[in-house]
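Here is a walk through one protein model, sheet by sheet and helix by helix. Keep the viewer open and follow along.

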Amino acid sequence: MNVFDWLSNMDIPVSQRFDVVEVRFKGGRKDYFRNVNQLDLITGDFVVCEMTSGQHIGTVSLQGELVRLQMKKKNLVISDDIQVIYRVASEKDLDKHTQAMAREMPTLYRTREIIREMKLNMKLSDVEFQSDNTKTTFFYSSEERVDFRELIKSLASEFKVRIEMRQISMRQEASRLGGLGSCGRELCCSTWLTDFKNISTSAARYQNLSLNPAKLSGQCGRLKCCLNYELETYIDALRDIPTVDAPLKTKKGVATLQKTDIFKKIMWFGFEKDTNWYPVAISKVLEIIELNKKDIIPESLEILTPEPERSLDKGPAKLNSDLENLDRKYSDEQKKKKKKKNRSGKNKNGNKPQAAVAAPQAKN
């Protein structure tokens with residue numbers, strides 16, 4: 001919830017300065033107070049603020065004209081009913097504030113034991129003591145209405161303070177407690193996000209995410225707020241991608257859509273009894289859909305124009321032309337070999353030469 005005052009270097013006359021200051025308290029809670037005493041405040045100063053019952057210490061988070069813009073954004077009316085800042089916190093005030101904060105964790109554990117004994121269906125998440133130890137706020141969450149009248153009596157008699165029970169949502173609970181998200185960074189709701197918007201599973205469908213509740217849910221148990229961050233970009237990119245209502249028909253088989261790469265404009269299809277997926281550009285997918293509408297079946301996902309069919313009325317001789325060519329080829333080769341043998345083994349008269357006859361006689 002940190003902010004940067006980009007108007008801090010502007011010198012504005014004291015009489016024209018906006019006298020409302022934004023003060024931050026525990027858990028990222030912010031409220032607005034009037035600086036009626038014209039205190040010279042700096043962002044980060046501890047100030048003693050007026051409360052409905054007593055005083056509380058907070059940190060100055062923003063002042064000047066940006067506070068006016070923040071109040072306008074939150075539809076807050078500037079009036080004299082706004083509570084005031086008494087003074088800058090002294091060391092004595094800070095010591096009392098530290099002692100009050102030290103009581104929060106023991107009170108939290110003890111209150112949970114009391115809730116367990118009373119068998120109340122509620123989850124106590126945080127306890128905040130006021131700096132003057134006159135009031136304690138208990139933050140809890142529950143999915144149903146809880147009757148905590150007996151609980152308030154028990155807590156008031158044990159801790160001797162004024163009790164306030166404040167119900168918060170699961171998202172507000174996560175923002176107060178804080179933590180790290182699956183991205184490795186601190187939770188958005190505990191650092192900068194203040195407005196919680198409704199998030200539906202259609203946001204995950206637009207982004208081709210698997211509908212796994214364990215992966216899509218945040219620490220609050222609800223769908224992650226970051227699902228809405230890139231949703232508009234995906235919706236704009238999906239305008240160029242066609243909707244495939246039925247499988248694509250090809251001579252190789254029926255192709256079913258498996259996955260869509262939205263930004264690369266590629267759609268992946270798979271055939272029956274085939275574990276491989278085949279990428280097809282969007283332009284080709286549109287062509288195949290148009291061909292299927294005209295009852296034209298292409299050869300495959302890559303080859304859209306069908307090969308010309310060979311006519312079967314040309315007779316058996318022309319159907320076996322390939323085999324005849326092979327027979328003719330090998331018969332010509334055999335004839336050439338015989339001619340070579342005849343030239344080397346016989347003379348022109350057809351008789352064997354004398355040297356070939358005399359050799360076996362000499363051997364005998």
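## Ground rules

Two strands pair if DSSP finds at least two bridges between them. Helices (H or I, at least four residues) and strands (E, at least two) are DSSP runs, numbered from the N terminus. With that settled, Cys49 stands opposite Ile85 in E5.

This is a predicted model, where local features need pLDDT of at least 70 and side-chain atom pairs count only at pLDDT 80 or more, while totals for chains, interfaces and linings use all residues. Residues are numbered from 1 along each chain as its sequence is written, and side-chain values use heavy atoms, with hydrogens and water left out.

pLDDT is the predictor's confidence in each residue, from 0 to 100. The protein chain has a mean pLDDT of 81, with 85% of its residues at 70 or more.

## The five-stranded sheet

Five strands make an open sheet in the order E2-E1-E4-E3-E5, and the pairing is antiparallel. Strand E2 (30-34) and E5 sit at the edges with a single partner strand each, so one side of each has no neighbour in the sheet. On average, neighbouring strands here are turned by 45° against each other, direction ignored.

Now for the pairings. Strand E3 (residues 46-50) and strand E4 (residues 55-63) run antiparallel and are joined by five bridges. Phe46 has Thr59 as its bridge partner in E4, and Val47 has Gly58. E3 and E4 form a hairpin with four residues between them, and Gly54 in the turn has a positive phi of about 95°. E3 also pairs with strand E5 (residues 85-88), in the antiparallel sense over three bridges.

## Helices on that sheet

The angles below run from 0 to 180 degrees between N-to-C directions, and axes are lines fitted to C-alpha atoms, for helices over the stretch in contact. Helix H1 (residues 65-73) lies across strand E1 (20-24), E2 and E4, and runs at about 105° to E4. H2 packs on the sheet too, touching E3, E4 and E5, with its direction at about 110° to that of E4.

## From H2 to H3

Two packed helices are described by the angle between their axes and the distance between the axes. For helix H2 (residues 91-102) and H3, the axes come within 4 Å and cross at roughly 25°. That makes H2 roughly parallel to H3 (angles under 35 degrees count as roughly parallel, over 145 as roughly antiparallel, 65 to 115 as roughly perpendicular and the rest as oblique).

Which residues in H2 meet H3? They are Ala100, Met101 and Ala102, and they meet Glu104, Met105 and Pro106 in H3. By class, this contact has five nonpolar, no polar and one charged residues (Ala, Val, Leu, Ile, Met, Phe, Trp, Tyr, Cys and Pro count as nonpolar, Asp, Glu, Lys and Arg as charged, and the others, Gly among them, as polar).

## The three-stranded sheet

Next comes an open sheet of three strands, ordered E6-E7-E8, with mixed pairing. Its edge strands are E6 (123-129) and E8 (162-167), each pairing on one side only. The twist averages 25° from one strand to the next.

Strand E7 (residues 135-141) pairs with E8 in the parallel sense over six bridges, and Phe139 stands opposite Arg166 in E8. Helix H3 (residues 104-118) packs on the sheet and touches E6 and E7, its direction making about 145° with that of E6. Helix H4 (residues 149-159) lies across E7 and E8, at about 140° to E8.

## H3 against H4

H3 and H4 pack at an angle of about 140°, and their axes are 11 Å apart. The two are therefore oblique to each other.

On the H3 side, Thr107, Arg110, Thr111, Ile114, Ile115 and Met118 meet Glu150, Leu151, Ser154, Leu155, Glu158 and Phe159 in H4. The residues of this contact divide into six nonpolar, three polar and three charged.

Technical notes. Contact = heavy atoms within 4.5 Å.
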